[in-house]
Amino acid sequence: MTNCDVAKQLQRHARKLAERYGNLYRIRAYRRAAQMILGLDRPITELHEWELEVLPGIGDHLARAITHYARTGEWKTYEELTSADLAV
C-alpha cells in the first residue's frame, strides 16, 4: 500500500462524507490528512500510529484508521458508509 493509495482512500472518504452528512470539520480533516500523507518522505507502512498523531490535523482515531488501512486494506467506516448507500 503506497502513500498515494492511502491519500486516495482518504479523499474518497471525504467525498462520501460530504454526500451523506456535510460535516465540514470531518471532511476537511480527511482532506488535510490526504495532503499530509502525500507529503511524507517515508512510506506510510513504515510509520506507527503515534507518528501520525503528531502531524497537524490527524488525531488518534484517524491515525488508527490510516495505519489499519495501510496494513490491511480495510477501512471499516468507509465500508459502512458505502454499504448504507446500497441498502437505500
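A salt bridge here is a side-chain nitrogen of Lys or Arg within 4 Å of a carboxyl oxygen of Asp or Glu. Lys 16 and Glu 19 make one, with their closest N and O atoms 3.3 Å apart. The model is predicted, so to speak of local features takes pLDDT of at least 70 and side-chain atom pairs need pLDDT 80 or more, while totals for chains, interfaces and linings use all residues. Numbering runs from 1 along each chain as its sequence is written, and side-chain values use heavy atoms, with hydrogens and water left out.

Back to that pair: both residues sit in helix H1, 3 residues apart, about one turn of the helix. (Helices are DSSP runs of H or I, at least four residues, numbered from the N terminus.) Lys 16 is buried at 13% relative accessibility, whereas Glu 19 is exposed at 59%; buried means under 20% relative accessible area, exposed over 50%, and partly exposed in between, using a 1.4 Å probe and protein chains only.

The count comes to 4 salt bridges. Arg 42 pairs with Glu 46 at 3.9 Å and with Glu 51 at 3.2 Å, which links Arg 42, Glu 46 and Glu 51 in a network. Glu 51 is buried at 16%, while Arg 42 is partly exposed at 33%.

Now for the nonpolar core, a set of buried Ala, Val, Leu, Ile, Met, Phe, Trp, Tyr and Cys residues joined through side-chain atoms within 4.5 Å. The largest has 22 residues, and Leu 10, Leu 52 and Ile 66 have the most contacts inside it. Helices H1, H2 and H4 each give two or more residues to this core, with the largest share, 6 residues, coming from H4.
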